[in-house]
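Hi everyone, thanks for coming. Today I'd like to walk you through how two chains meet, so let's bring the structure up.

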Amino acid sequence: MALSGLQIYKLLPGSSKNPAVKKHANCKACGFPTCLAFAMKLSQKQAELTQCPYVEDEAKAKLEASAAPPIRLITVAANGSKLAVGNETVLFRHEKTFYHQPGLFVRVKASQADAAAVAKAVNDYSVEYVGMDLTLDGIAVEADGGDFAAAVSAVKGASSLPLVLLTEDPALAEAGLKAAEGLTPLLWAATPDNWEAMAKLAARYKAPLAVRVDDGDINRLVDLAEKVKAAGVEDIVLDPGLRDYVTSLAVFTQLRRLALKKNERRVGYPLIAFAGDDLALAGQHIAKYAGFIVLDSFSPGTAYPLLVMRANIFTDPQKPIQVQPGLYEINHPQPGDPLMVTTNFSITYFAVANELESSGLPGWLMVADAEGMSVLTAWAAGKFDAERIAKSVKTLGATEKVNHQSLIIPGHVAVLMGELEEELPGWKIMVGPREAVDLPAFLKMVRQPA
Amino acid sequence: MPAIEIPKEKWSGQVKEVTLGATAADGGTRVKTVTIGGETTLPFLHFEGQMPHRPVIAIEIMDRPPADWSPVLLEAWGDAVQNPADWAKAAEAAGAEIIVLHFSLGPDLSADYAQKIVRAVLAATGLPLIVFGPGQADLDNEILVPVAEAAKGENIALGVCEDKNYRTIVAGALAHGQLVVARTAMDVNLAKQLNILISDMGLPLERILMDPTTGALGYGMEYGYSVMERLRLAALQGDGMTQLPMIVTPGEEAWRTKEARAGEGIPAAWGDWVERGINWETLTAGTLVESGADVVVLRHPESVKRIDAMINALMNN
């Protein structure tokens, strides 16, 4: 766990008991007026310890240890794609942000005739959301009888995504690891019965290793993690063995709290969860602390909402997602084409722009500066009122680019019509639909002659 | 190595308990009442506190066949949408624990009309009722006070109060012994402020549900999600003006999205329309249940089933 400014201060020259070091107290060599000011900056990660030339080695070691992430960053990799999870620093996204999205893996069984086809479908799946291409992260290949090595090879051939190898049989695990040569898969799992052999394999093949108990007992889980660590495995993933909603929520929360708030290094690893075919359970694991999530099947109608949810939860709340205010040209508009206004919240912008683009209808989309809020929220907060919209018309180039004086406003702010007509004398204000999805039909209805 | 002790948070605050509906014993005609709130910990962390009441599912019905609902929803409800009393019965059969009657803008919307519909819905179902106006201040005020009068004794909730329009609705609730829903735009301080304004008028906090507003999955859900987490944390830390149960409307939000409404001209990666629409509503609602929602207002019967199963699983401790 990160040290507080005061805790750091006790390690700096200003607090040293060694006179040779103490004499450098508040020397300003670091660029800050006092050791305490420097300590505060260090705690906020706005300064580097190397800026202090006089810090003692012992203090340096303590500070460096405290700077190590409380949840280890674990990377799995394949040909050209990799996934890193862990390294989280907060329990709630509003406290700072969540950093590393949990990997979404789809399970295929070695005995499954279409394993390679499913792997290819998962590999090829991509869906656009607010300008980003969202994709799934990998395939979990389960040794369920059948030729595991052949299945791993087939999946590896059909997909370039990272793998999880699901087996507790060390012989099969080795066959799978050999077949996955050149990749860095996650090996699942070491149990109280097989851990020695699994730890050897993980160390030999340099694969991260999941450790599993079957009852959610944190002390048994930690005991197992410590054993595989002592056997030379550093990259560890924890599986408390729970597959339901309520106990997994409790234990995942407890593990996250232990790692972050109690600085409990023994649980400082990402978690793996198995959500079966339950979308809402997968959603719980996205919001509440899983690093790897294994789904039992793949369908676009399920993958799309889950990927969007993950993108939402892992959006940095400190940075509202905004687009640049301005006049956007959609489908090569002419000066006579319709002029519409919306806000610069990126979700709002993309909803409107996507509708317009896919409709094929040309138009001018004026994006007003509403401080990154959606239409209704911005209106309620006074950031999308008649005055601001009128100012956008005058300053964003609309009067130069269009040759008419008609403006379409979102249906949610129909109430602004009268005020806007006062702010923009001579302009005709039209109330558009409330939802972007209804915009193409609206435009077809009101199309003005070019 | 020392054994690890499971950390437990000690919260000083508690969410207030709020009861909707009244049975004959309390002067109403409801077959059952619904009590929500009372939490002394974060959602479903039963190991460190109490969650005495499960989050409940309300189903939203409209006073007339909705013009802008997804065909997927209209298909699911069939002829029931023709008549709010039939729709209320169908919603009860589909697993609703509360009925949300949502008035739409219509040429014949009036006090008499609203009273007639509310009486018909109350007669058709024994569930507690929440009534939402069409969302225009003048019309909301025009119908919600007569609605409060028509439902006297039933302990219904009137909505929605917003910072620009709450006085008339709160006065109606005070005069006729009802509750209100207080909605603010995804902001902790705005929510507190509206709760203060309403309670300053004399309505006890035990008669207010707060709606911090949610966005649908993909349309700002994370803002509402974090505001709800912050409101619930503040409540548990002892901030009295945040200690109200939360109601959210993921059904309305999710089914407004293109993902739920459009069946043609969309990317193949979006998958099957019906599955996607239900998934959109379920995942939005499920996420909000886990961030502290006490009432989720839903629209599709299949989402109701799935969220009910999820809540049952989360309450099974």
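Six salt bridges are found across the interface of chain B and chain A, and please keep in mind that this is a predicted model. One that I'd like you to look at joins B:Glu9 to A:Lys261, where the closest N and O atoms are 2.6 Å apart. Polar contacts turn up here as well: 19 residue pairs across the interface of chain B and chain A, both partners at pLDDT 80 or more.

Which elements of chain B give two or more residues to the side that touches chain A? They are helices H7 (221–236), H9 (258–261), H10 (273–289) and H11 (301–315) of chain B. The largest share of that side comes from H7(B), with eight residues. By type, the side of chain B that touches chain A divides into 26 nonpolar, nine polar and 16 charged residues.

Now the whole contact: chain B brings 51 residues and chain A brings 55. Between the two chains, about 4500 Å² is buried, and carbon and sulfur atoms give 63% of that area. B:Ile4, B:Glu222 and B:Leu283 supply 15% of what chain B buries against chain A, more than any other three residues.

Let's finish with H7(B). This helix has 16 residues and reaches 23 Å from its first C-alpha to its last, close to the 22 Å expected. Why do we call H7(B) largely enclosed by the rest of the structure? Because 14 of its 16 residues are buried. After H7(B) comes B:Gly238, with a positive phi near 105°.

How values were computed: Residues numbered from 1 in each chain as written. Chains lettered and ligands numbered in written order. Predicted model: local features only at pLDDT ≥ 70, side-chain atom pairs only at ≥ 80, totals over all residues. Heavy atoms only, no water. Contact = heavy atoms within 4.5 Å. Buried area = accessible area lost by both parts, 1.4 Å probe. Salt bridge = Lys/Arg side-chain N within 4 Å of Asp/Glu carboxyl O. Polar contact = N/O pair within 3.5 Å; in protein donor to acceptor, adjacent residues only side chain to side chain. Helix = DSSP H or I, 4+ residues; strand = E, 2+ residues; numbered from the N terminus. Nonpolar A, V, L, I, M, F, W, Y, C, P; charged D, E, K, R; others polar. Expected span 1.5 Å × (residues − 1). Buried < 20%, exposed > 50% of the residue type's maximum accessible area, 1.4 Å probe, protein only.
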